[in-house]
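Hi,

Here is the model I said I would send over. Have a look at it first, and then read my notes below.

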Amino acid sequence: FEVISLGQAISKRSGGYYDMTVGPLVNSWGFGPSGKPVKIPDRGQLQESLRRVGYTHLKLDGESGSILKDAGIYLDLSSIAKGYGVDIVASYLQGQGVSNYLVEVGGEIRAQGYKPGGESWRLAIEAPTVGKRSIYKVIGLTDAGLATSGDYRNYYEEYGVRYSHLIQPQTGYPIQHNLVSVTVIHPSSMTADGLATALSILGTEAAIEVAERDNLAVLLISKQGDEFVEYQSPAFATIVKVIK
């Protein structure tokens, strides 16, 4: 219930650009359990999937802990589940009296306390380059969760067209804008995870608007021609120590 509730809150916060019910579209484009589709879905197939997409199809009752639906929805929790796992492990460690630790699950992170020697944890943000791995920036972080979302790893190409795993729920199509990487810092790794996906789908201008409106600690990297263009929100610059 906690995961679904947070996902619904992020959906409302992002104006529906984040949506856990996007599962049918994710499957149609071949990013679900069945893998790449035999052919690219046509508009008719997408319209059929779109009838089962929409976070308003879910109704949550906080008192009873029940979740009701009014359509044949298919939930895809991949955008939030790893962050939830990080928070669960971190909570267990805290319960065992461990106050200095680094937890990572599939790239989502919680940095708590300090590493041996008393320095903050050093974390590398990956450069959003296709086909190779390199470090874009190294930061020092403590007492916070970190999540990064981007389309530079999970995609495929068909007849020269690139299809991202990030699907816009309103249109049913993969995103086509120039925002290639979003990093979010938040006390909750699960929240950071979901917000990073939401901002990635929104695109640069709308993501900046939400980050500044809600005082989110966000690092955005956009691709303009052959160059990367960076945006750091005021909250990010306050929380994070850039090492290099």
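This is a predicted model: local features need pLDDT of at least 70, side-chain atom pairs count only at pLDDT 80 or more; totals for chains, interfaces and linings use all residues.

What follows is a quick tour, from the whole chain down to a few single residues.

**The chain as a whole**

The chain has 7 helices and 13 strands. Its radius of gyration comes out at 18 Å, close to the 18 Å that the globule rule gives for 244 residues, so the chain is as compact as a globular protein of that length. Buried residues make up 49% of the 244. As for the contacts with a separation of 6 or more, 59% of them are between residues 24 or more positions apart.

**A helix pair**

Next, have a look at α4 (residues 81-95) and α5 (residues 189-202). These two helices pack with their axes 7 Å apart, at an angle of about 165 degrees. Angles over 145 degrees count as roughly antiparallel, so that is what α4 is to α5. Their crossing is right-handed. On the α4 side, the contact is made by A81, K82, G83, Y84, V86 and D87, while α5 brings in S189, M190 and D193. Sorted by class, that contact has 4 nonpolar, 2 polar and 3 charged residues.

**A buried loop residue**

T129 sits in the loop between β5 (121-126) and β6 (135-141). Is T129 buried or exposed? T129 is buried, because its relative accessible area is 16% and the cut-off for buried is under 20%. Leaving aside residues up to four places away in sequence, T129 touches S134, Y152, R153 and F228.

**Two residues with positive phi**

Most residues other than glycine have a negative phi. With that in mind, here are two to click on. D143 is not a glycine, yet has a positive phi of about 55 degrees. You will find D143 in the loop between β6 and β7 (144-150), where D143 is partly exposed, with a relative accessible area of 45%.

N215 is not a glycine either, and its phi is positive at about 55 degrees. This residue is in the loop between α6 (204-213) and β11 (217-224). N215 counts as exposed, at 58% relative accessibility.

Cheers

Technical notes:
Residues are numbered from 1 along each chain as its sequence is written. Side-chain values use heavy atoms; hydrogens and water are left out. Axes are lines fitted to C-alpha atoms, for helices over the stretch in contact, and angles run from 0 to 180 degrees between N-to-C directions. Helices (H or I, at least four residues) and strands (E, at least two) are DSSP runs, numbered from the N terminus. Angles under 35 degrees count as roughly parallel, over 145 as roughly antiparallel, 65 to 115 as roughly perpendicular and the rest as oblique. A crossing is left-handed if the near helix is turned anticlockwise from the far one by less than a right angle, and right-handed if clockwise. Contact means heavy atoms within 4.5 Å. Ala, Val, Leu, Ile, Met, Phe, Trp, Tyr, Cys and Pro count as nonpolar, Asp, Glu, Lys and Arg as charged, and the others, Gly among them, as polar. The radius of gyration is taken over C-alpha atoms; the globule rule is 2.2 Å times the number of residues to the power 0.38. Buried means under 20% relative accessible area, exposed over 50%, partly exposed in between (1.4 Å probe, protein chains only).
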